[in-house]
Each structure stands twice: as C-alpha cells, then as structure tokens.
Amino acid sequence: MAATRATRPSSFSRNPSTSAAPSIPLPGVKLGPGNAAFVSSGIPDLDRILGGGFLLGSLVMVMEDAEAPHHLLLLRNFMAQGVVHRQPLLFASPSEEPRAFLGTLPTPIAASKEERPRVPGPNQEGKEQGLRIAWQYKKYFGEQPASQPQYKDVKQEFSNTFDLRKSIERHMLSSQNIDCVSIEKISDLAPLRERCSSFLSKLNGDNSSIGLAGRIAIQSLCAPQCGFSDWDMVSFVRSLRAMLRSSRAVGIITFPSSILPHSFSKRWQHLADTLLSVKAIPDDDKDLAKLLTGYQDMVGLLHVHKVAQISSQVPVILEANTFSLKLHRRRSLILEKLNQAPVEGSSGTSYGTAGPCTASFKGSSIDF
Amino acid sequence: MNTSPHLLDEALGLMPGISNGGALSQGCIVLIEDSVETSGAFILHYIVKRALSLDSSGIVLFLALAHPFSHYERILRKLANNLSRLCELFPKMAELRQGARPVTEYFAEWKGCNLSVHREQKRFHLFDILQLEFPCESKKDSVEQGLVELYSKIQSAVEVISSRDHSRAHISILIDDLSILEIAAHGSMDHVLNFLHYCVTLTSEQNCSLVILNHEDIYPDIEGRRLLSHLVYLADFIIKAEPLATGIAADVHGQLTVLKKGTSNNGHYSADKASNFHFQVKEHGVDLFFPGSRC
C-alpha cells in the first residue's frame with residue numbers, strides 16, 4: 001500500500017490497473033479515506049479511537065510505565081492480531097528467549113460468542129461490494145473520521161477480541177511468518193536494523209507474503225540490560241521509521257521513557273507517528289476511586305499523545321486523550337472514556353433542586 | 001476571518017509589494033521551533049506554498065529528512081490554490097486536466113518520474129534524504145564527509161540555479177527537520193553547526209533564504225542548548241509553535257509567536273517585533289487569529 005502510495009497521487013488514482021489492487025481487501029487491512037490503510041491494533045476500542053487502527057507505514061510508540069507491565073497488553077494484542085491474520089511478524093525483545101513470549105499471546109474469542117449483532121455470513125459478499133462502493137464515494141465527501149457505522153460490519157474480520165486468560169493455540173504460532181530476535185546479547189543495533197530491513201524487503205518481494213501487511217514489534221528497546229548508546233538507539237528508531245514509510249508494515253516500539261535522558265525521550269517522541277503511554281493505577285488510591293466510576297474494574301490508564309497523520313498537516317484532535325483500560329468479563333481488553341463519579345454532597349443536590357433552565361443558570365453562576 | 005491568512009504573511013513580511021526584510025528575502029534565516037504536542041510543520045508547508053507562488057519565480061530546495069516526497073506533495077496539493085501551482089510544476093498535470101491523454105497512460109509515466117519532472121522544471125528541488133546514513137566506521141570523518149557532500153550538493157544546486165538567467169530568482173532552502181540531521185550525524189553538534197554556517201554563508205552570498213524546522217523541547221540543559229541558541233542568534237525570524245496552556249482544543253490547535261528581530265542598516269533602525277496568534281490548521285491552509293478574537 002505504502003509503496004504504491006509513495007509514487008501515486010491519490011485523487012486521480014482511478015487507473016484500473018493500479019487501483020484495482022488496493023480495492024481488494026487484503027487480509028487484516030482496512031482502507032480508510034484518502035488512500036489510508038490500517039491494520040488492527042488487536043483492541044477494537046483502540047482502533048476506533050485512532051480512527052481506524054494503526055496506519056500502514058507508520059511507527060507506533062508506547063511509553064511504558066516503569067513499574068507495571070501494561071505495555072505488554074498492547075504488545076500481545078497487536079502481535080496476536082497479526083498471528084490471526086497470518087501477517088508476517090518480527091518480534092524483538094531484550095529477553096533471552098523471545099519465542100517464549102509468543103506462548104503468552106491471547107487467543108481470539110469466536111465472533112459468534114459476542115453479544116454485538118454481526119452480519120450473517122452469506123450476506124457478507126454483497127455487503128462488501130456495497131462497502132467498496134461507499135469507500136470510493138467517500139473521496140468526494142472529504143475526510144471523515146473512520147469510525148463510521150459502515151465500518152462496524154467489517155470489524156469482524158478486521159479486528160478480533162482476545163481472551164487474555166487463554167493463550168493462543170500452538171499451531172497458529174508454527175507458521176514460518178514469525179521471526180524472533182533477542183536484543184540482549186548484541187552489542188550494537190546494526191544486526192537488528194539488518195533484520196528489520198530484510199523483513200520489510202521480503203514483504204515487498206517474496207511471493208508467499210506478497211500483499212500481506214507486516215508487523216514489527218520491539219519490546220523495551222532501551223532496556224538497561226542492552227546497553228546501547230543513546231545516539232545509537234535514536235538513530236535506529238529514525239532509520240526504522242524511514243524504512244517503514246516505504247513499506248506496507250507497522251512498527252510498534254515500547255520503551256520505558258523514564259530511564260532515558262529527558263532530551264532523548266523527547267527525541268523518541270518526536271519520531272513517533274502514533275504516541276501512546278500506559279500507566280498503572282495504584283490499588284488503594286482512595287481519592288481516585290472516589291473521583292472515577294468503575295475504578296474497581298480498571299487495570300490502568302492509556303493516554304493518546306499523538307495520532308499518525310501521513311499526508312496531512314491537520315492534527316487529529318480526539319474528544320478525550322485519556323482512557324481507562326478495563327477487562328471486560330475478566331477476559332477481554334476494552335477502553336473507556338473516563339467517567340467522573342457523581343459528587344456527593346452539596347453540588348449534586350443543588351442541581352437536583354434547580355429545576356428549569358433559567359434557575360439552574362442562576363444557581364451555577366453563584367456556585368462558581 | 002477572511003483576512004486571517006494574511007496575518008502570517010504580515011508577520012513574516014510576505015505581503016505583496018514588500019520586497020525587503022521579509023522572510024523570503026536574501027540572507028534571511030527563519031527558525032521554526034515546535035514541540036511534541038504541537039507540530040510546526042504546517043508553517044514549513046505554508047512557506048513552500050508562498051515561495052512557489054511569490055511572483056512565480058521562487059525556487060525551493062527542500063531537505064526532506066522527516067517524510068517522503070509523497071507526503072509533502074499531497075499536503076501541498078491540498079493547500080488552497082495549489083492545483084494551478086502544481087500544474088505549472090507538472091505541465092503534464094494540466095494536460096491531464098484538459099483530458100488530452102487517457103489517465104492510464106499518464107500514470108504509467110508518472111510512476112518513475114516525479115522527481116525527474118521536478119528537476120526538469122527546476123522549481124522544486126527535493127533532497128530525498130529520509131534514509132540518509134553516514135557509515136559507522138571511523139565515525140567522525142564519515143559524518144563530516146557526509147555533511148560536506150550534502151552541502152556541496154546544495155551549493156552546486158544553488159549555483160546552477162543562479163547561473164541560469166532566471167531573473168534573479170529567489171531560492172529558499174528548507175530543512176525538515178534539523179533534529180533528524182543531528183541524529184544522522186550521531187549527535188556531533190559541531191559538524192551540524194559547521195554545516196549550518198556554510199548554509200548561512202551561502203544565503204548571504206546568493207539570493208537565498210534559509211528556513212529551519214527544529215524542536216524546542218529536545219534540548220534540556222544549557223550545554224545541550226548550544227545548537228538552539230546558535231540558531232536563535234542567527235535567525236531573523238523566530239517562529240514558535242506551542243500548545244495552549246490549557247491543553248489542546250478542537251478549534252484552537254495552539255499558539256504561534258513570531259519574533260522579527262530588529263535590524264539596523266543605513267541608519268535605519270527597526271526594533272524587535274513580536275506577534276502572538278492562535279492558530280487552527282486546516283487541510284487547505286491555516287487560520288490565524290488574535291487570542292480571544294474568535295468566538
């Protein structure tokens with residue numbers, strides 16, 4: 001997608017020979033407005049928040065909470081989604097045996113078990129035809145947020161819900177598309193760069209994986225046990241970003257920003273196309289518990305700092321930047337906007353007794 | 001509201017009729033500073049658009065370190081009134097619009113040749129150095145050599161342009177962005193500074209201006225700020241894009257401070273002039289307005 005994007009202007013791209021290819025939905029790739037192509041993050045809510053998912057050709061960075069492993073939730077879902085779509089995956093980790101991490105990937109929940117109504121199977125084909133036409137028309141209506149109702153139906157294929165309690169079945173991991181690298185023992189990042197570039201060039205060249213979107217996941221790149229120099233790491237990130245731009249792949253890097261020097265942490269953040277951060281919630285923060293509803297179910301907070309914008313200068317302004325990470329039925333990850341709990345005492349009752357609009361106007365002007 | 005785009009023109013001295021002292025006049029250096037929260041790239045795009053439309057003789061040398069060509073090409077296409085500009089840049093596009101040739105034929109040709117078309121037109125020169133790397137062995141020399149090479153490319157481009165009889169066309173050199181050049185140079189600030197000084201010399205010798213995008217928040221301590229303070233010292237215009245103190249809002253994307261440094265020549269002395277705006281970035285341009293003037 002990105003390779004064609006690099007050489008072809010969008011608005012005039014009605015050439016059948018070139019535009020036919022992207023209009024056939026690739027497994028696990030969703031086309032958005034303006035020639036954008038997305039892959040799923042593995043968390044349907046996150047896809048919705050980001051306007052469709054992770055943009056192909058972009059670099060996603062997740063700032064870790066130094067004291068909690070919440071970034072692994074995002075990483076696992078991202079990787080598991082790639083495995084489900086049989087997309088090539090490159091995983092690098094500072095652990096000794098990165099392949100062991102694959103065993104902890106969550107398993108997808110079958111769509112039939114879900115409570116949300118889905119489109120029945122036989123209709124799918126016709127439905128998709130309609131959607132394809134709708135996408136073509138979208139160009140003429142200008143850019144719209146991708147979380148349109150029409151996209152909901154596609155989601156079934158595009159992103160799965162994962163059961164965090166069960167690990168993924170072994171046979172799904174046995175495909176040759178998964179590549180693991182340990183970055184613990186290597187002294188500089190040149191080999192990893194090589195691996196990434198050969199991985200990405202395979203996506204463009206090799207017949208078996210042609211048309212598939214690739215995923216690169218790098219866990220804790222700047223972990224202290226690796227001992228790379230600051231400039232080495234930032235230039236690796238930069239070259240990975242440059243490589244991704246011209247490929248049909250998404251890279252995700254998690255990094256503990258607190259252990260980097262402040263200026264380098266900022267440099268990393270500038271290099272990110274999509275920037276997220278995760279934070280754990282302390283168990284016994286009573287003030288916070290009073291402030292937020294559903295505090296008991298929260299496992300952490302997710303903050304969206306930047307949303308990828310390729311080929312556009314307009315920043316994406318989200319309605320809310322901070323979301324609570326929750327476990328739905330104790331098994332699947334969902335994101336919710338923070339809801340403030342009703343405050344007990346004076347202000348709550350004053351609103352209750354205020355009555356008609358004019359009166360409440362008056363009341364509030366006195367209150368504040 | 002209708003006049004709002006002119007606020008940036010006014011602040012940068014790009015109003016029609018004013019030829020001296022503007023951001024796109026000889027020897028002028030513009031520094032754009034931004035932060036993680038608020039990107040300042042839109043000012044760069046705006047300047048490219050202005051430079052290419054300025055009495056239609058301007059020439060742009062673009063050092064693209066941050067994005068591939070397609071990114072800029074698409075953004076510029078969306079900026080207002082730009083289709084006609086691109087038609088000038090790509091005469092083939094005009095041909096396409098008139099329906100002189102079938103679209104398929106056109107795109108078959110387009111694929112391999114967009115940069116060469118630019119070069120043929122010699123209005124927009126893109127240095128595609130997204131993947132610029134200096135080989136790691138014997139680091140210091142290679143960085144120096146690489147930057148010297150890059151500079152000599154720019155220099156020869158400028159010389160070729162100014163040797164052509166182009167009615168003294170103004171050349172703008174844009175760097176997007178300097179922090180990535182620093183990363184490519186593996187943090188050797190001296191080499192980056194040398195490179196910049198060469199570029200600055202070039203702008204004063206030829207009819208050039210230099211526009212640099214850099215990030216403000218990546219230099220924490222005094223020692224680290226050396227590069228930034230050099231830039232601030234050199235610059236004639238300093239444009240800062242900052243988020244609002246209250247956080248980002250849907251209709252105000254941030255605030256912009258444009259500082260025009262005072263000059264004194266031939267007994268004329270002009271004082272520093274700072275202007276402060278709020279801005280909203282749109283696909284077809286940027287809306288600027290004075291704080292509180294929009295409800």
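**A conversation about helices and a sheet**

Reader: Which residues of H11(A) meet H12(A)?

Author: In this predicted model, Asp230(A), Trp231(A), Met233(A), Val234(A), Val237(A), Arg238(A) and Arg241(A) of H11(A) meet Phe264(A), Arg267(A), Trp268(A) and Leu271(A) of H12(A).

Reader: And how many of those are nonpolar, polar or charged?

Author: The contact of H11(A) with H12(A) has seven nonpolar and four charged residues, and no polar ones.

Reader: At what angle do the two helices pack?

Author: Helix H11 (residues 230–245) and helix H12 (residues 262–271) of chain A pack at an angle of about 5°, and their axes are 10 Å apart. H11(A) is therefore roughly parallel to H12(A), since angles under 35 degrees count as such.

Reader: Changing topic, in what order do the strands of the open sheet in chain A come?

Author: Three strands form the open sheet of chain A, in the order S1-S2-S3, with antiparallel pairing. Strand S1 (29–31) and strand S3 (54–55) are the edge strands, each pairing on one side only.

Reader: How many bridges join S1(A) to S2?

Author: Three bridges join S1(A) to strand S2 (residues 37–39) of chain A, and the two run antiparallel. Across this pairing, Lys30(A) stands opposite Phe38(A) in S2(A).

Reader: What about chain B: what should helix H9 span?

Author: Helix H9 (residues 189–205) of chain B has 17 residues, so at 1.5 Å a residue it should span 24 Å. The end C-alpha atoms of H9(B) are 24 Å apart, which agrees.

Reader: Which residues in H9(B) are buried?

Author: Among them are Met189(B), Val192(B), Phe195(B), Leu196(B), Cys199(B) and Thr203(B).

Methods
Residues numbered from 1 in each chain as written. Chains lettered and ligands numbered in written order. Predicted model: local features only at pLDDT ≥ 70, side-chain atom pairs only at ≥ 80, totals over all residues. Heavy atoms only, no water. Pairing = 2+ DSSP bridges. Helix = DSSP H or I, 4+ residues; strand = E, 2+ residues; numbered from the N terminus. Axes fitted to C-alpha atoms, helices over the stretch in contact; angles between N-to-C directions. Parallel < 35°, antiparallel > 145°, perpendicular 65-115°, else oblique. Contact = heavy atoms within 4.5 Å. Nonpolar A, V, L, I, M, F, W, Y, C, P; charged D, E, K, R; others polar. Expected span 1.5 Å × (residues − 1). Buried < 20%, exposed > 50% of the residue type's maximum accessible area, 1.4 Å probe, protein only.
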